[in-house]
Structures are given as C-alpha cells and as structure tokens.
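Please open the model in your viewer and keep the selection tool at hand. We will go from the whole chain down to single residues.

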Amino acid sequence: MPDSPPAPYSAWIVMGVSGSGKSTVAEALANAMQVAYADADDFHPPENVAKMRSGVPLEDVDRWPWLDTLSRWLVEESPCVLACSAHKQSHRTRLAQHGAAIRFVYLHTDIQTLRQRMESREHFMPVSLLQTQFDAMEPPSEDDALILDGTLPVDQLVAAIVSDARR
Ligand SMILES: Nc1ncnc2c1ncn2[C@@H]1O[C@H](COP(=O)(O)OP(=O)(O)OP(=O)(O)O)[C@@H](O)[C@H]1O
Ligand SMILES: O=C(O)[C@H](O)[C@@H](O)[C@H](O)[C@H](O)CO
C-alpha cells in the first residue's frame with residue numbers, strides 16, 4: 001500500500017458482533033496499510049464495560065456518547081482503521097457525522113463459531129450476551145459495505161480489504 005490510502009475513503013471500520021474477529025482483522029489491516037488503528041472497545045466508558053461484564057446488553061442510550069467520541073477519532077486520526085461493532089444503520093450514520101469517508105467492512109460469522117471463540121478467550125463480554133449482539137445487528141447491504149466471511153483466515157480477509165481499497 002502507498003503511505004496514504006487511495007481516495008475516496010479516509011477510514012475503514014471493521015464491524016461485526018462480539019468475537020467476529022473485528023479487532024484481529026482491523027489491527028492486521030492497519031499494519032498492512034500503515035495507518036492508525038483503534039479498538040472501539042477501548043473507548044467505552046467504565047459503566048458500559050461494567051454493564052456488559054455483568055451480563056446486561058448495552059442500549060443505544062449507552063452507545064451515543066461513545067459513538068460521538070469515535071466519530072471525532074475517525075477524523076482526527078485519518079487515515080485510520082477502527083474495529084467497532086457498528087450494529088445498526090443509525091450507529092453507522094452517527095460514526096460518519098463528523099465527515100469521515102468510511103468504508104465499512106462487515107465480518108459475518110455463524111453463532112456456533114463465535115460461541116467457541118468466546119469460550120476460549122478471556123474478555124469482559126460474556127458468551128451469554130452473544131444472542132443479544134445478533135439481535136442488535138442490522139447487517140449492511142453490499143451497497144453500503146464490503147461483506148466478508150469472518151471464518152476465512154485473517155490474511156485472506158486483509159488481502160480482500162486491501163484489494164477493495166485499490167479498486
Ligand atoms: N479469521 C479468524 N479465524 C480464526 N480465528 C479468528 C479469526 N479472527 C479472529 N479470530 C479469533 O477469534 C477471537 C475473537 O477475535 P477478536 O477479538 O478479533 O473479535 P472481536 O470481534 O474484536 O471481538 P470483541 O468485540 O468481542 O472484542 C480471538 O481469539 C481471535 O484470535
Ligand atoms: O455496542 C456494543 O454492544 C458493544 O460495542 C459490543 O459489541 C462490545 O463492546 C464488543 O463486541 C465486545 O465483545
């Protein structure tokens with residue numbers, strides 16, 4: 001990749017439910033592109049993390065201030081890659097509110113694979129909340145996102161995103 005990614009995007013958001021691989025793929029993508037990277041989980045206020053840890057799903061009222069902060073980060077750190085759940089169209093619109101030109105990349109993965117992944121890692125997110133993550137998800141259409149099979153190897157996923165960015 002060149003030092004700065006080609007137009008028209010200034011930011012990539014790798015999105016999906018808990019355990020879908022968004023942090024793993026987003027970090028590898030940022031390394032490949034040599035741009036800034038962040039995990040949206042690191043921007044949640046302690047109350048949000050405590051809520052999820054205790055087995056209570058977030059509501060949109062918990063998410064708006066977090067999404068507002070992320071929306072500013074996307075502009076300040078451009079070009080950049082963010083790993084973020086971005087479940088709903090309204091969340092994705094909010095993330096773009098400060099003007100970042102965002103390419104959303106949706107990793108879709110079956111619930112059985114995700115349950116296995118989550119059971120074999122240490123994380124604040126309990127497996128019991130996985131179904132609520134699916135319930136919240138409004139998958140983007142192919143017009144609005146690059147949609148990839150999150151069970152593919154990470155290097156293949158990164159290559160597909162880089163190839164899409166060069167089109
Ligand atoms: N493409 C993949 N193939 C196999 N394992 C993967 C893949 N992507 C991620 N994993 C593994 O799945 C687990 C979850 O990945 P990761 O933490 O990146 O997901 P996430 O969507 O960021 O989850 P969360 O939002 O809950 O933090 C990790 O153990 C990671 O190593
Ligand atoms: O909006 C949300 O519900 C959250 O961002 C979650 O998706 C998690 O923080 C993440 O996936 C951790 O597992």
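The tour below moves stop by stop, with something to select at each one.

**Before you start**

This is a predicted model, so local features are described only at pLDDT of at least 70 and side-chain atom pairs only at pLDDT 80 or more, while totals for chains, interfaces and linings use all residues. Residues are numbered from 1 along each chain as its sequence is written, and chains are lettered from A and ligands numbered from 1 in the order in which they are written.

**Stop 1: the whole protein chain**

Show the protein chain as a cartoon and you will find seven helices and five strands; helices (H or I, at least four residues) and strands (E, at least two) are DSSP runs, numbered from the N terminus. Followed along the sequence, the pattern reads β-α-β-α-α-β-α-β-α-α-β-α. The C-alpha trace spans about 45 × 30 × 25 Å along its principal axes. For 167 residues a compact globule would have a radius of gyration near 15 Å, and the protein chain agrees with 15 Å; this radius is taken over C-alpha atoms, and the globule rule is 2.2 Å times the number of residues to the power 0.38.

**Stop 2: the nonpolar core**

Now select Ile-13, Val-14, Leu-29, Leu-74, Val-81, Leu-82 and Val-105, the residues with the most contacts inside the largest nonpolar core, which has 34 residues. The elements giving two or more residues to this core are S1, H1, H3, S3, S4 and helix H7 (154-166). Such a core is a set of buried Ala, Val, Leu, Ile, Met, Phe, Trp, Tyr and Cys residues joined through C-beta atoms within 7 Å. A residue is buried if 20 or more other C-beta atoms lie within 10 Å of its own, exposed if 12 or fewer, and partly exposed in between, with C-beta atoms placed from the backbone.

Which residues touch Val-81, leaving aside its neighbours within four places in sequence? Val-81 is in contact with Trp-12, Val-14, Ala-26, Leu-29, Ala-30, Met-33, Val-35 and Tyr-37 (in contact: C-beta atoms, placed from the backbone, within 7 Å).

**Stop 3: helix H3**

Select residues 60-76, which form helix H3. Its buried residues are Arg-63, Leu-67, Leu-70, Ser-71, Trp-73 and Leu-74, and they pack against strand S1 (11-15), S2, S3, H4 and strand S4 (102-108). Asp-68 also lies in H3, but counts as partly exposed because it has 14 C-beta neighbours inside 10 Å.

**Stop 4**

Most residues other than glycine have a negative phi, and most peptide bonds are trans. Zoom in on Ser-78 and Pro-79, which are joined by a cis peptide bond with omega about 0 degrees. Pro-79 is in the loop between H3 and strand S3 (80-83).

Gln-34 sits in the loop between helix H1 (22-33) and strand S2 (36-39).

Is Gln-34 buried or exposed? It counts as exposed because it has 12 C-beta neighbours inside 10 Å.

Ala-86 has a positive phi too, near 45 degrees, and is found in the loop between S3 and helix H4 (89-95). Ala-86 counts as buried, with 28 C-beta neighbours inside 10 Å.

Methods:
Contact = placed C-beta atoms within 7 Å.
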